[in-house]
Amino acid sequence: ELLPRNKKPRDRQIEVRIMIPFTLCCTTCKEFMYRGKKFNSKKEIIQDQTYLGIHMHRFFIKCTRCASEICFRTDPKTADYQMEHGATRNYEIWNDRRQDEEGQVQERLEDEEGDAMKALENRTQDSKVEMDILDALDDSKMLNARKAKLDTSKVIERLRGSRQQEDQNRDSIELDSADEEEVDKTEFASSVKRIAEEEEEKRAEERRKMIEATKAAVVAGKASSSKAAEAKKSAIAGKFTLKRKVETAPPPEEKKEEQQGGLAGLMGYGSGSGSEGD
């Protein structure tokens, strides 16, 4: 005979190891347990609650400080978890944002439920927003395609040409009589000096004369400096002229005296040596 099939209850608890999906605070001892902390938990399937045919799961863990039971479950509607008892969940700003969005959607559904015109206005507004988004997307696509076709060298050349054209236009602008009067009336008219052609010619002539005078002074200075150098060299040569010394023969009287002095010395030396021998 075949062994009977072991029928396990559907609401039985299974031991699993999990990481808590949010930060919570124990209501008994006020101990904080942070998101990602690992626990040995017990899991069970909630039998009387489903969302669109999806089963919900309940998890039981124990506080790490006081060992009190903490329970939370899954929430398929919001793709999140909900705290049931034993602890409180920490404040999270994205939960408030999501709740606000859900409240706006619920309020809109309630408004459209008994008012067909309101529903039509909302659908028209939605279609308008969607069309604006599509137009903005098309514009961005066209811009990207245009940028992809652009050549940087051509763009730089075009910019340079436009700048040169602007400079030429600025230089070619001539003021009429009315503009001249306006310039004279302005505060800075006293500092503006308009030079006539004759004054420009005079200044050019003065500049030319100054250049010629400078050149003449430079040439004269070079000539005077060369003359001074030559005079200095001749003066130094006159001071340091070498003279050859001429040797002259001594007079005959001096020669006789020298000879007599030499003979006297020899005689004295001979007498001295004889006395020493005795």
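This is a predicted model: local features need pLDDT of at least 70, side-chain atom pairs count only at pLDDT 80 or more; totals for chains, interfaces and linings use all residues.
**Pockets**

The largest pocket holds about 210 Å³ of space. Its lining consists of 15 residues, and those nearest the centre are Tyr 81, Arg 89, Asn 95, Arg 98 and Gln 99. Two elements, strand S7 (80-85) and helix H1 (93-113), each contribute at least two residues to this lining. The largest share, five residues, belongs to H1. By residue class, the lining of the largest pocket comprises seven charged, five polar and three nonpolar residues.

The second largest pocket has a volume of about 180 Å³. Its lining is made up of Glu 15, Asn 40, Ser 41, Lys 42, Phe 60, Ile 61, Lys 62, Ala 67, Ser 68 and Glu 69. Strand S4 (38-51) and strand S5 (54-62) are the elements that give two or more residues to this lining.

**Aromatic contacts**

The count of aromatic pairs comes to four. Two of these pairs are listed below, among them one formed by Phe 32 and Tyr 34.

| Pair | Centre to centre | Angle between planes | Class |
|---|---|---|---|
| Phe 32 and Tyr 34 | 6.4 Å | 20 degrees | stacked |
| Phe 59 and Phe 72 | 5.6 Å | 25 degrees | stacked |

Arg 89 lies over the face of Phe 22, at 4.4 Å from the ring centre. Both Tyr 81 and Arg 89 are among the residues nearest the centre of the largest pocket.

**Positive phi values**

Most residues other than glycine have a negative phi. Lys 30 has a positive phi, near 60 degrees, and is placed in the loop between strand S2 (24-26) and strand S3 (32-33). Lys 30 is exposed because its relative accessible area, 55%, is over 50%. Leu 52 also has a positive phi, near 55 degrees, and is found in the loop between S4 and S5. With a relative accessible area of 74%, Leu 52 is exposed.

Notes: Residues are numbered from 1 along each chain as its sequence is written. Side-chain values use heavy atoms; hydrogens and water are left out. On a 1 Å grid over the protein atoms alone, a cavity is a set of points where a 1.4 Å probe fits but cannot get out, and a pocket is an open set with protein on both sides within 12 Å along at least five of seven lines; lining residues have an atom within 4 Å of a point. Grid points are joined across faces, edges and corners, and a volume is the space filled by probe spheres set on the points. Helices (H or I, at least four residues) and strands (E, at least two) are DSSP runs, numbered from the N terminus. Ala, Val, Leu, Ile, Met, Phe, Trp, Tyr, Cys and Pro count as nonpolar, Asp, Glu, Lys and Arg as charged, and the others, Gly among them, as polar. Buried means under 20% relative accessible area, exposed over 50%, partly exposed in between (1.4 Å probe, protein chains only). Rings of Phe, Tyr and Trp (its six-membered ring) pair if their centres lie within 6.5 Å; planes under 30 degrees apart count as stacked, over 60 as edge-to-face and the rest as tilted. A charge sits over a ring if NZ of Lys or CZ of Arg is within 6 Å of the ring centre and within 35 degrees of the ring normal.
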